Amino acid sequence: MTKIKICGLKRPEDVAMVNQYRPDYAGFVLAPGKRQVTPAQAAALVRALLPEICPVGVFVNAPEELVCGLVETGTIRAIQFHGRETEEEITRMKHRFPDVPVIRAVSMKQGHELRRWDASDADYLLLDAGNGGTGHTFDHSLITQAGIIRKPWFLAGGMRPDTVQEAVASFLPFGIDCSSGVETEGWKNPVKIRKMIENVRGFVSLKKEM
Ligand SMILES: O=C(O)c1ccccc1NCC(=O)[C@H](O)[C@H](O)COP(=O)(O)O
């Protein structure tokens, strides 16, 4: 079944919403921006998160000690690199924390570096529109043009409940990631989260019935 990551949780209410609708992953942004949480806030939010939802720390060029600290304290169980982190940094993380999945975001524009990251030690790729959390979609024909992607990958960038089924049907990604598309006026919206999850999972059961 297609996995779902809801990203950019920053309030206890957001955690209550995902606990109710149960995506596979919950993202906490430890990077400057409107969804940023501090390590202490992330730890408190994760304490309230159901254990079956995997907490992902999202980083943009963060000091390695910050990333390692959040893993070592059990605050996050997966690492998402969304900045200019290198292959070497990914390799170091995998040596230090072999059981902690590393997700590498790839900015999908002309001249993207999908091949480079597909050959890295990352466990997953996350194909996104650019800086992250913008709500913008990228040109999906770049995925088709790229050919076979070896690693499991998440489709991100402007995913919305009303359009997500078409995206899943077209590319059968390992997972869908979304943030802006499940918000209203900058706040996570429980109805949109429910619809997003229903639509992604509903698509799979429809496929199975055929
Ligand atoms: O969400 C953010 O504010 C953010 C800031 C800096 C780096 C990454 C960020 N988000 C990462 C994500 O995984 C988002 O869910 C992904 O970019 C898709 O966002 P959206 O297009 O808003 O659905």
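Guide: Two residues are in contact when heavy atoms lie within 4.5 Å. The model here is predicted.

Visitor: Which residues is L127 in contact with, leaving aside neighbours within four places in sequence?

Guide: L127 meets V106, M108, L114, F138, I143, I149, W153, F154, L155 and A156. L127 is also among the residues with the most contacts inside the largest nonpolar core, along with I6, F28, F59, I79 and M196. That core has 54 residues.

Visitor: Why is G57 called buried?

Guide: Buried means under 20% relative accessible area. G57 has 0%, so the term applies.

Visitor: Where does G57 lie, and what does it touch?

Guide: G57 is part of strand β3, residues 54-59. Beyond four places in sequence, G57 touches F28, L30, I76, A78, I79 and Q80. T86 is 29 residues from G57 along the chain, and their C-alpha atoms are 17 Å apart.

Visitor: How many aromatic pairs are there, and what makes Y25 and F154 edge-to-face?

Guide: There are four pairs. In Y25 and F154 the centres are 5.5 Å apart, and 80 degrees separate the planes. Pairing needs centres within 6.5 Å, and edge-to-face needs planes over 60 degrees apart. Both tests are passed, so the pair is edge-to-face.

Visitor: What does the pair of Y25 and F154 tie together?

Guide: Y25 sits in strand β2 (residues 25-29), F154 in strand β7 (residues 153-155). The pair therefore ties together parts 129 residues apart in sequence. Y25 and F154 are both buried.

Visitor: Why is the pair of F154 and F174 called edge-to-face?

Guide: The ring centres are 5.4 Å apart and the planes stand at 85 degrees. The cut-off is over 60 degrees, so this pair is edge-to-face. F174 lies in the loop between α7 (164-171) and β8 (175-178), while F154 is in β7, so the pair ties together parts 20 residues apart in sequence. Y25, Y124, F154 and F174 form one aromatic cluster.

Visitor: Why is F174 called partly exposed?

Guide: F174 has a relative accessible area of 24%. Partly exposed runs between the buried limit of 20% and the exposed limit of 50%. F154, at 0%, counts as buried.

Visitor: What makes R104 a charge over the ring of W117?

Guide: The charged end of R104 is 4.3 Å from the centre of the W117 ring, and it sits over that ring. The distance limit is 6 Å. K10 lies over the face of W187, 5.0 Å from the ring centre.

Technical notes. Residues are numbered from 1 along each chain as its sequence is written. This is a predicted model: local features need pLDDT of at least 70, side-chain atom pairs count only at pLDDT 80 or more; totals for chains, interfaces and linings use all residues. Side-chain values use heavy atoms; hydrogens and water are left out. Helices (H or I, at least four residues) and strands (E, at least two) are DSSP runs, numbered from the N terminus. Buried means under 20% relative accessible area, exposed over 50%, partly exposed in between (1.4 Å probe, protein chains only). A nonpolar core is a set of buried Ala, Val, Leu, Ile, Met, Phe, Trp, Tyr and Cys residues joined through side-chain atoms within 4.5 Å. Rings of Phe, Tyr and Trp (its six-membered ring) pair if their centres lie within 6.5 Å; planes under 30 degrees apart count as stacked, over 60 as edge-to-face and the rest as tilted. A charge sits over a ring if NZ of Lys or CZ of Arg is within 6 Å of the ring centre and within 35 degrees of the ring normal.
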